Amino acid sequence: QLVTTALGTAFEVSDGAGYRSVSVDHGTVEVTSTAADIEATRLSAGQWVAFDERDGTSKRGTRGPDQIAAWRTGQLFAEDEPVSSIISKISRWQPGRTVVVDPGLGTQRVSGVFDVADPPRALRALVHPFGGRVRVIGSYLTLISPI
């Protein structure tokens, strides 16, 4: 469980396939977790914390204000995130279901910027370096599999 307390702020909370993160645009946020090594951490503008529930690890860092909640402008920033988390996030911008045939693909880690205005293209850019292929079948099914 990840608990976030706003202390007069604007911030982003994200959950993609068990990879949860909190990033602060401005102001201050307090983050705690009973399932991770996060104890009452205060974050200020530009800071972030992420928790991967699969292995119980957490990471902290900073990013530019333009990268926080960038989905508002059609971009998705990833910094050393599991591919499965990014697939989950990109899939929110397309109808239907996205199925990953090879679960090993989702464990790879990636950093980059993805354009969510064209989700299939963003998914292809995400998985191609790891030997993945994206097939859109009809209007409601996207399959991600090895090439």
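Arg42 counts as exposed, at 54% relative accessibility, where exposed means over 50% relative accessible area, buried under 20% and partly exposed in between, computed with a 1.4 Å probe on protein chains only. This residue belongs to a predicted model, in which local features need pLDDT of at least 70 and side-chain atom pairs count only at pLDDT 80 or more, while totals for chains, interfaces and linings use all residues. Residues are numbered from 1 along each chain as its sequence is written, and side-chain values use heavy atoms, with hydrogens and water left out.

**Strand 5 and its sheet**

- Four bridges pair strand 5 with strand 4 (residues 28-33) in the antiparallel sense, pairing being assigned if DSSP finds at least two bridges between two strands.
- Across this pairing, Ser44 in strand 5 is the bridge partner of Thr28, and Leu43 in strand 5 stands opposite Val29.
- The three strands of an open sheet follow the order 1-4-5 with antiparallel pairing; strand 1 (2-6) and strand 5 each have a single partner strand and stand at the edges, so one side of each is left without a neighbour in the sheet.
- From one strand to the next in this sheet, the twist averages 25 degrees, with axes taken as lines fitted to C-alpha atoms, for helices over the stretch in contact, and angles running from 0 to 180 degrees between N-to-C directions.

**Salt bridges**

- The structure holds nine salt bridges, each defined as a side-chain nitrogen of Lys or Arg within 4 Å of a carboxyl oxygen of Asp or Glu.
- One of them joins Arg42 to Glu30, with the closest N and O atoms 3.4 Å apart; Arg42 lies in strand 5 and Glu30 in strand 4, so the pair ties together parts that are 12 residues apart in sequence.
- Glu30 counts as partly exposed, at 24% relative accessibility.
- Asp52, which is buried with a relative accessible area of 3%, forms a salt bridge with Arg54, the closest N and O atoms being 3.1 Å apart, and Arg54 is partly exposed at 44%.
- A salt bridge also brings together the side chains of Asp52 and Arg109, at 3.6 Å from N to O; this pair links distant parts of the chain, 57 residues apart, with Arg109 in strand 10 (residues 109-115) and Asp52 in strand 6 (residues 47-52).
- Arg109 is partly exposed, with a relative accessible area of 30%, and salt bridges that share partners join Asp52, Arg54, Lys59, Asp80 and Arg109 into one network.

**The hairpin of strands 2 and 3**

- Seven bridges pair strand 2 (residues 10-16) with strand 3 (residues 19-26) in the antiparallel sense, and Glu12 has Ser23 in strand 3 as its bridge partner.
- These strands form a hairpin with two residues between them, and in the turn Ala17 has a positive phi of about 55 degrees.

- Helix 1 (residues 83-91) is mostly covered, with eight of its nine residues buried, among them Val83, Ile86, Lys89 and Ser91.
- Helix 1 packs against helix 2 (residues 119-127) at an angle of about 175 degrees, with the axes 10 Å apart; that makes helix 1 roughly antiparallel to helix 2, under a scheme in which angles under 35 degrees count as roughly parallel, over 145 as roughly antiparallel, 65 to 115 as roughly perpendicular and the rest as oblique.
- Val83, Ile86, Ile87 and Ile90 in helix 1 meet Pro119, Ala122, Leu123, Leu126 and Val127 in helix 2, contact meaning heavy atoms within 4.5 Å.
- Thr98 is found in strand 9 (residues 97-100), and, with residues up to four places away in sequence not counted, Thr98 touches Ile87, Ser91, Thr142 and Ile144.
- The side chain of Thr98 makes polar contacts with the side chains of Ser91, at 2.9 Å, and Gln94, at 3.0 Å; a polar contact is a pair of N or O atoms within 3.5 Å, where within protein one must be able to donate a hydrogen and the other to accept it, and residues adjacent in sequence count only if both atoms are side-chain atoms.
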